[in-house]
Amino acid sequence: MQKLIEAVRGARHVVAMTGAGVSTLCGIPDFRGPQGLYKQPDAERIFDIDWFDRDPSIYYRGAFDIVYALADYTPGPVHVALKRLEDAGKLDGIITQNIDMLHQKAGSSHVYEVHGSGILHHCRRCGAEATFGEIVAMLKKGGRPEGSAGVFVPRCKCGGPYKPDITFFGEALPEEAFLKAQELSISADVMLVLGTSLTVFPAAGLPRLTLQRGGNVFVVNAQPTPIDDFCAGRYEDLSEFADAVLAAFPAPAGEKES
Ligand code: OAD
């Protein structure tokens, strides 16, 4: 990892782009890895807007453990390492496809969630808003199961189902976050691509913006990605990446980290 570390040290603008792989180290499954969520039959329907509109119970069953049990998870080594880079003044921001809010939990302050998050939900019928806490309370209270998945679906007073502000297949990306992600990718002289298969567009196109402007892209991912042939360095192990960053950028003496 020495080449990656030296590139970060020498860069003026470093940006990280993260995917589900950084959270497998916290116990949250990814989508397309060997134990990924999408290995289950029909799992791609979970985050699909057409399926949600037909039967929202598919989402609430499939996402229950990933989205609504998130309070049980704590940041892992990559989240901590990226916070350390921010503290060292070596990271302009984190573009994340993850909906688990673990970068924010680790203390990172410039996080751009290009696939949204579940922090707010909106009614599909009237647009009424509900917070994550309100939805969790409704789910805990439960009630009569509905739909083919046979689970409780939180509903608004008007009767419409609540949908998280997570970007589902078939929906546009959150405009502001994606615009900022594009700006960061264009201005980066080093981009760190961490734990993503780079298969879901338009987010998967962001490292190409860095490459097109002459920046260096480093990939750390167990499986191959479509940009491996074009990157400045390619590594497989995210724990090794975190260890290398934490060793190269030690915490200031006396500082306590979560
Ligand atoms: P994927 O599951 O497609 O890719 C995660 C990658 O991380 C895989 O290639 C794994 O091999 C790798 N990986 C997992 N653990 C690792 C480890 N400890 N060390 C190194 N590599 C590891 O997840 P994403 O690319 O994030 O969309 O998926 C993109 C989008 O597809 C997600 O945001 C999600 C999904 O549909 C929405 O939810 C809207």
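**Exercise 1.** Classify aspartate 228 as buried or exposed, then find its salt-bridge partner.

*Solution.* Start with the cut-offs: buried is under 20% relative accessible area, exposed is over 50%, and partly exposed is in between (1.4 Å probe, protein chains only). Aspartate 228 comes out at 18% relative accessibility, so it counts as buried. Next, the partner: a salt bridge needs a side-chain nitrogen of Lys or Arg within 4 Å of a carboxyl oxygen of Asp or Glu. Arginine 234 itself is partly exposed, at 28%.

A quick note on what you're looking at: this is a predicted model, where local features need pLDDT of at least 70, side-chain atom pairs count only at pLDDT 80 or more, and totals for chains, interfaces and linings use all residues. Residues are numbered from 1 along each chain as its sequence is written, and side-chain values use heavy atoms, leaving out hydrogens and water.

**Exercise 2.** Work out which residue pairs with lysine 163, and whether lysine 163 is buried or exposed.

*Solution.* Look at the side chains: lysine 163 meets glutamate 171 in a salt bridge, 3.1 Å from N to O. Now check the cover. Lysine 163 has 6% relative accessibility, so it's buried, while glutamate 171, at 27%, is partly exposed.

**Exercise 3.** Say how many salt bridges the whole structure holds, and describe the one made by aspartate 53.

*Solution.* The search turns up seven. In one of them, aspartate 53 pairs with arginine 124, with 2.8 Å between the closest N and O atoms. Finish with accessibility: aspartate 53 is partly exposed at 44%, and arginine 124 is partly exposed at 38%.
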